[in-house]
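Q: I would like to learn how to read the features of this model. Could we go through them together?

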Amino acid sequence: MAVNGQWCLIESDPGVFSELIREFGCKGLQVEELWSLDEDAFCQLKPIYGLIFLFKWKGVTESEGKVLFGDTEVFFAKQVINNACATQAIISVLLNIENSEIHLGETLSQFKEFTKSFDPTLKGMSLTNADKLREVHNSFARQCMFEFESKPVEKEDDVYHFIAFVPHKGRVYELDGLKPGPIDHGTCGDDWVAVIRSVLQKRIDSASSSEITFNLMAVVADKKEVLEKQLKSIEGDASKAVEVAEIKAKIALEDEKRENYKIENIRRKHNYIPLIMEMLKILSEKGMLLPLTMKVCIFGFYFLILHYKFSYHI
């Protein structure tokens, strides 16, 4: 749980990120997870307004593109506090969208206007101190019984980091708050994602063969809104009956997915600790806690033996 102006770690999940966008007040967008860098995977999600990439951070590395310094047309903020990179990556995408149909909402519109003349460091400080954004971000904090002081990151610790990729005025940018400026990956045509697919593939290939800790999500148009517009344009046309049925089926699937996301997010935010503590108290009062604990320990011991034997024979 984050306290005293801190930002918590949050899960890299499309349901989480979609709710973050909605809670920020932005309309017309959602987040989808990508499981492949194949062209078809991206085509199914178009239009794509930005990509959010999670990877294991291994310190400062050389950038493939050109790092831009000073004032740039693309919105870029430096990351000045730990754990804020998830929201920073989302904000980097949202504030660089060039589409009048996407409504940022009051909170983000005011923030964009307020920081438009700031340098990247001051923008990062403003984002970190934006109460509404931090409040929404920290609503996904994991519940715990005790608050621990954050310890400095050790060399052997696994540290993960979110960055964003966006198209802006005919060029493609990588927005990493730990870099000195936005990274220009060159010009792009209608298919800006093709440029980034190549960049991501090289980056993944350069990682060790045992490194699989990557996650890629796309910020796309609200699927349900798009489908409802399509349905409205053809509903009532007898010759389009099959197409109408297909669209309605897709809307039903989207509704089901959103309901699942809603349930999962409620579970993420709920504090189960009081329930767990009460159950442990009752088990202890009935003299059942110690026997159950011993059973769990014995089961765990046998599981480790079986796991060792299985691993040895493999």
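Q: By about how much of the helix are R134 and D131 separated in helix α6?
A: Happy to start there, and keep in mind that this is a predicted model. R134 and D131 are separated by about one helical turn, because they are three residues apart in helix α6 (residues 131–138). Their side chains meet in a salt bridge, 2.8 Å from N to O.

Q: Which residues does the salt-bridge network link?
A: The network links E32, D222, E254, K257 and R258. One of its pairs is E32 with K257, whose closest N and O atoms are 2.5 Å apart. That pair links distant parts of the chain, with E32 in strand β1 and K257 in helix α9 (residues 241–269), 225 residues apart. In another pair, R258 and D222, the closest N and O atoms are 2.7 Å apart. R258 lies in helix α9 and D222 in the loop between β7 and α8, so parts 36 residues apart in sequence are tied together.

Q: How do strands of a sheet pair, and what is the strand order here?
A: Strands of a sheet pair through backbone hydrogen bonds, either parallel or antiparallel. Here seven strands form an open sheet, ordered β1-β7-β2-β4-β5-β6-β3, with antiparallel pairing. The edge strands are β1 and β3, each pairing on one side only.

Conventions
Residues numbered from 1 in each chain as written. Predicted model: local features only at pLDDT ≥ 70, side-chain atom pairs only at ≥ 80, totals over all residues. Heavy atoms only, no water. Pairing = 2+ DSSP bridges. Helix = DSSP H or I, 4+ residues; strand = E, 2+ residues; numbered from the N terminus. Salt bridge = Lys/Arg side-chain N within 4 Å of Asp/Glu carboxyl O.
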